Amino acid sequence: LIIGTKDGMAIRFNENDARPLGRTARGVKSMTLREGDCVVGMAVVTDDADLLTVTETGFGRRSSFDDYRLQFRGGKGILNYRTGRFGNVAAIAAVKNDDDVIMISQSGVLIRVPVNEISTFARPAKGVRVMRVGEGDAIVTLSAVPHEDEAEESIESSQTELEEKTINDNIVENSQ
């Protein structure tokens, strides 16, 4: 697992270090947070995925899970992103090259971007602009979703509309 924080820290630890507990148990400490920091996301490490980090100001980058050394849970982690220069981290997610990312800003602007258009950089790098946000606006969340081709969607919706029109025309003809 990798856990990321708003202040740009991240920790990678083995999920078996977080032992199973009962429903009413308090849990175990996964990461020691600095004052004012909070967790913004968690990603499960897989061989065919990268870690996507996106800031509130619209910058983001993919980085290999290998850039994050394995630690024991409860530590402070390592630097994932330089937030002093590029804004706080809005979210992290495990993404595959053929996925899309949907990002949402505070003002309700929503954008869908193919993951393969987001460059891969080393762990503390700035990255690229993945979404333009206006003055006083910020990205609040993101979600990785399977890629859908717009051309395929438009063909499918056109076929459905044609079938519905044909059915409606047949009903009108039979009723006369």
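The model is a predicted one. Colour by secondary structure and follow the sequence. The order reads β-β-β-β-β-β-β-α-β-β-β-β-β-α. Of the 176 residues in the protein, 34% are buried.

**Stop 1: the core**

Select Leu52, Val54, Val95, Val101, Met103, Ile139 and Leu142. These residues have the most contacts inside the largest nonpolar core, which has 15 residues. At least two core residues come from each of β4 (50-55), β8 (89-95), β9 (99-105) and β12 (139-146). Which strand gives the largest share of this core? It is β8, with 4 residues.

**Stop 2: the salt bridges**

There are 3 salt bridges to visit in the structure.

Begin with Lys96 and Asp48. Their closest N and O atoms are 3.5 Å apart, and the two form a salt bridge. This pair links distant parts of the chain, 48 residues apart. Lys96 sits in the loop between β8 and β9, while Asp48 sits in the loop between β3 (39-43) and β4. Lys96 counts as partly exposed, because its relative accessibility is 36%.

Next, select Asp50 and Arg62. Their side chains meet in a salt bridge, at 3.6 Å from N to O. Here strand β4, which holds Asp50, is linked to strand β5 (residues 59-63), which holds Arg62. The two residues are 12 residues apart in the chain. Are they buried or exposed? Asp50 is buried, and Arg62 is buried too.

Then move to Asp100 and Arg112. This salt bridge brings the closest N and O atoms to 2.8 Å. Asp100 belongs to strand β9 and Arg112 to strand β10 (residues 110-114), again a link between distant parts of the chain, 12 residues apart. Check the accessibility of each partner. Asp100 has a relative accessible area of 3%, so this residue is buried. Arg112 has 37%, so this residue is partly exposed.

**Stop 3: the charged surface**

Switch to a surface view. Select Arg82, Arg85, Lys126, Arg129 and Arg132. Together they form a positive surface patch. Keep Arg85 selected and show the cartoon again. Arg85 lies in helix α1 (residues 83-86). Why does Arg85 count as exposed? Its relative accessibility is 65%, and the cut-off for exposed is over 50%.

**Last view**

Terms used: Residues are numbered from 1 along each chain as its sequence is written. This is a predicted model: local features need pLDDT of at least 70, side-chain atom pairs count only at pLDDT 80 or more; totals for chains, interfaces and linings use all residues. Side-chain values use heavy atoms; hydrogens and water are left out. Patches are made of residues with over 30% relative accessible area and no salt bridge: like charges are joined within 9 Å, nonpolar side chains (Val, Leu, Ile, Met, Phe, Trp, Tyr) within 5 Å. Accessible areas come from the Shrake-Rupley method with a 1.4 Å probe; for residues, only the protein chains shown count as cover. A salt bridge is a side-chain nitrogen of Lys or Arg within 4 Å of a carboxyl oxygen of Asp or Glu. Lys and Arg count as positive and Asp and Glu as negative; His and the chain ends are not counted. The place of a charge is taken as NZ of Lys, CZ of Arg, CG of Asp or CD of Glu. Buried means under 20% relative accessible area, exposed over 50%, partly exposed in between (1.4 Å probe, protein chains only). A nonpolar core is a set of buried Ala, Val, Leu, Ile, Met, Phe, Trp, Tyr and Cys residues joined through side-chain atoms within 4.5 Å.
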